[in-house]
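Here are a few exercises to work through with the viewer open. Try each one yourself before reading the solution.

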Amino acid sequence: MIVQELQKIQERCGWLPVEELRGLSARTGVPLHRIHEVASYYPLYRLEPPPKVDIKVCRDMACHMAGAQRLRAEAGAIASEYPAGEVVVGGVSCLGRCDGAVAVAVNDHHYFTGQTAESIRDLVARAHAGQPLPHGHGEQHGALGFQIDVYAGTPAYQALAKWLSNPDAAALLKELEVSGLRGMGGAGFPTFRKWSAVRGAPGAPKYVVCNADESEPGTFKDRELMLRAPWLVIEGIILAGLVVGAERGWIYIRHEYPECIAAVRAEIARARKLGIFGPDVSGKGARFDLDVFVSPGGYVQGEESALLEAMEDRRGEPRNKPPFPVFQGLHGKPTVINNVETLSWVPGIIINGGSWYREKGVRGAIGMRMVSISGDIAKPGVYEVPFGQTLRELVETAGGMANGRPLKAAGLSGPSGGFLPARVPVAELPAKFAAARVPAGQTHFDLLDLPLDFGACGEMGAMLGAACVVYDDTREMVGQALNAAEFYRNESCGKCVPCRVGGQKLVEMSTELAEGRSPPGRLELIRDLGETMGITSICGLGQVASNPVTSVLRFFPGDVEACRGGRAP
Ligand code: SF4
């Protein structure tokens with residue numbers, strides 16, 4: 001695999017010298033231009049030697065709220081105290097450590113949270129002197145303590161043993177159907193249907209790929225699952241493989257999670273040694289092998305077909321769909337692609353039955369989920385909550401709003417779904433939703449009363465993801481929208497024009513908005529551009545990129561006016 005070979009070269013050399021690329025070309029028979037095409041695409045790879053110290057400050061959502069821009073300027077001032085070019089400071093897209101804003105990466109492999117100018121000064125001094133860096137974020141392991149870990153910290157692979165004692169694929173699929181388990185990566189597709197489709201799809205071999213590339217700003221739940229209970233996702237993958245008829249699986253993990261990569265690799269090695277999987281799965285004659293694929297970076301790699309492109313040694317640009325991966329996935333073969341959490345619920349469902357999971361929901365909703373909450377919240381982190389829990393209950397679970405201030409806005413799917421106001425005007429709600437949920441005579445819906453499940457959020461027209469980012473009443477939302485627009489612009493793969501050009505135009509128009517200099521007609525143009533991008537972009541990135549700014553135009557006109565000194569735009 002070229003993508004993985006390039007990583008090995010970079011680990012050895014610190015960058016990708018052209019002689020090494022030529023050597024790789026000679027060894028593999030892949031033309032040098034193809035290797036360069038891949039090497040020049042992904043953010044992980046360096047085609048120039050790195051500086052002595054490379055500081056990257058996270059730019060997005062929670063880190064932005066916690067002062068990342070100011071911290072980056074302060075780090076730049078620290079860098080200027082060293083000889084020119086030896087210490088370089090830049091920005092980076094969400095590092096998946098929003099519960100410890102501001103997060104910082106040092107020399108590609110070291111990650112630190114809760115950073116200040118003083119702590120960065122210390123890190124720079126140590127790195128510049130060649131001293132070992134202190135332990136970073138995520139290096140303290142501990143039991144997960146959630147219901148999803150049916151083994152309570154003692155990996156036992158009992159679900160696999162139970163199923164292998166009577167390997168009835170149809171019965172397992174039925175149990176998944178009863179459970180109502182859906183994809184936890186955002187799409188919410190029923191798991192039993194995906195597995196059934198791959199099982200029934202013609203073609204061989206088949207594959208299972210776990211998407212552990214969680215890169216949506218505000219999302220970091222899979223990080224905790226892989227770090228503290230990696231056996232769950234491994235068992236889920238093996239079960240998926242045996243049920244659909246696959247003999248090979250991969251866990252595709254973002255490279256910014258080195259602690260998770262280490263934890264998953266260690267558990268894979270342990271399970272392989274125990275014979276849990278391999279040429280003779282648990283001594284039952286089936287074959288299944290499993291490994292980690294380290295992502296070379298980029299938010300769009302979380303899109304399932306872009307992820308497959310990376311695994312096939314190409315630039316990770318999303319494919320046109322159909323065909324869908326369940327029929328033509330990895331190497332054109334039927335492929336199950338599931339999120340870490342989705343697969344991690346499977347062992348519990350097999351051991352306890354589908355209704356065990358199904359009945360965990362409240363207010364008529366189905367099941368449980370892990371959610372990452374960050375922003376202006378007292379205890380940012382990962383929580384295991386029932387579907388159907390209201391936003392108010394989630395906020396209370398996480399210790400309430402920081403400093404006891406009132407909620408102003410929430411992003412229920414990171415930036416992708418845009419920002420919802422604490423009080424949603426009834427006029428902005430679908431009539432059916434308003435009739436069912438807003439008491440007669442009231443003019444607004446209290447967002448804190450929204451049950452967080454696919455049904456209620458879908459009826460409201462809101463996206464429900466694994467990231468919940470909350471904003472208190474001191475926040476100005478136009479600046480948050482600009483920050484989100486910059487994120488999508490930075491992460492566009494550039495394959496399609498509406499997203500590539502539209503993303504930049506959105507940043508320019510959001511900047512005008514934030515600086516209070518939007519000319520007449522500009523807001524209509526922003527809405528038009530957003531609609532065009534939504535209709536014509538190939539993948540979800542371009543389709544949702546305008547949501548943050550259009551949601552601010554829709555729900556926070558006061559903030560837009562305030563940017564113009566009180567003049568209506
Ligand atoms: Fe790439 Fe954006 Fe098009 Fe998606 S929408 S394929 S990220 S250019």
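**Exercise 1: a serine in a loop**

Ser 93 sits in the loop that links strand E2 (87-92) to strand E3 (104-106); strands here are DSSP runs of E with at least two residues, and helices are runs of H or I with at least four, numbered from the N terminus. The model is a predicted one, where local features need pLDDT of at least 70 and side-chain atom pairs pLDDT 80 or more, while totals for chains, interfaces and linings use all residues. Numbering starts from 1 along each chain as its sequence is written, and side-chain values use heavy atoms, without hydrogens and water.

Task: is Ser 93 buried or exposed, and which side chain does its own side chain make a polar contact with?

Solution. 
- Step 1: Ser 93 has 10% relative accessibility, so it counts as buried (under 20%; exposed is over 50%, partly exposed in between, with a 1.4 Å probe and protein chains only).
- Step 2: its side chain makes a polar contact with that of Glu 491 at 2.5 Å (N or O atoms within 3.5 Å, one able to donate a hydrogen and the other to accept it; residues adjacent in sequence count only if both atoms are side-chain atoms).
- Step 3: beyond four places in sequence, Ser 93 is in contact with Cys 58, Arg 59, Asp 60, Phe 487 and Glu 491 (heavy atoms within 4.5 Å).
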